[in-house]
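Welcome! Take a moment to look over the sequence and the 3D structure, and then read on for a short tour.

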Amino acid sequence: MIQYSDTRVVSPDPRQALNAVRTLRRSLAGLELSDRVRWDAGRALDEIEDELRTPDPDHGVVSACLERFTELLTDAGAVEQAGAALVRPIRQIAVWVGPMGAAVLGRLA
């Protein structure tokens with residue numbers, strides 16, 4: 001007789017992604033950005049944080065917001081300017097997102 005054990009898929013804890021959002025907010029404050037880019041990037045972080053605080057965060061929503069955030073900062077030259085201070089927390093959120101985060105990671109390469 002074959003017995004099957006109870007298996008569950010466990011995704012990374014959204015608290016790690018929330019910590020990364022806080023790190024990105026601190027980094028954002030020290031970057032030379034236009035007011036518009038700073039506002040848009042801050043809004044993307046707000047949306048990521050709001051979604052991560054829901055009982056069942058939607059990985060697609062977080063991924064789309066993270067892509068927008070990364071695109072804004074990459075286009076503004078901020079990722080090059082700040083380096084690891086931005087790349088590490090962006091990667092942490094992308095890892096939480098899972099396979100959908102691959103596009104974001106590709107922008108950082």
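Predicted model: local features only at pLDDT ≥ 70, side-chain atom pairs only at ≥ 80, totals over all residues.

The protein has 6 helices and 0 strands, and along the sequence they follow the pattern α-α-α-α-α-α.

**Overall picture**
- Of the 109 residues in the protein, 38% are buried.
- Looking at contacts between residues at least 6 apart in sequence, 68% join residues at least 24 apart.

**The pair α2 and α3**
- Two packed helices are described by the angle between their axes and the distance between the axes.
- For helix α2 (residues 35-52) and helix α3 (residues 59-75), the angle is about 160° and the axes lie 9 Å apart.
- Because angles over 145 degrees count as roughly antiparallel, α2 is roughly antiparallel to α3.
- The crossing of α2 and α3 is left-handed.
- On the α2 side, the residues that meet α3 include Val 37, Ala 41, Ala 44 and Ile 48; on the α3 side, Val 62, Leu 66 and Phe 69 are among those that meet α2.
- By class, this contact of α2 with α3 has 13 nonpolar, no polar and 4 charged residues.

**Helix α5**
- Helix α5 (residues 84-97) has 14 residues, which at 1.5 Å a residue should span 20 Å; its end C-alpha atoms are 19 Å apart, so the two values agree.
- The buried residues of α5 include Leu 86, Ile 90, Ile 93 and Trp 96.
- Where do the buried residues of α5 pack? They pack against α1 (14-29), α2, α3, α4 (78-82) and α6 (102-108).
- Just after α5 comes Gly 98, with a positive phi of about 95°.

Terms used:
Residues numbered from 1 in each chain as written. Heavy atoms only, no water. Axes fitted to C-alpha atoms, helices over the stretch in contact; angles between N-to-C directions. Helix = DSSP H or I, 4+ residues; strand = E, 2+ residues; numbered from the N terminus. Parallel < 35°, antiparallel > 145°, perpendicular 65-115°, else oblique. Left-handed = near helix turned anticlockwise from the far one by under 90°. Contact = heavy atoms within 4.5 Å. Nonpolar A, V, L, I, M, F, W, Y, C, P; charged D, E, K, R; others polar. Expected span 1.5 Å × (residues − 1). Buried < 20%, exposed > 50% of the residue type's maximum accessible area, 1.4 Å probe, protein only.
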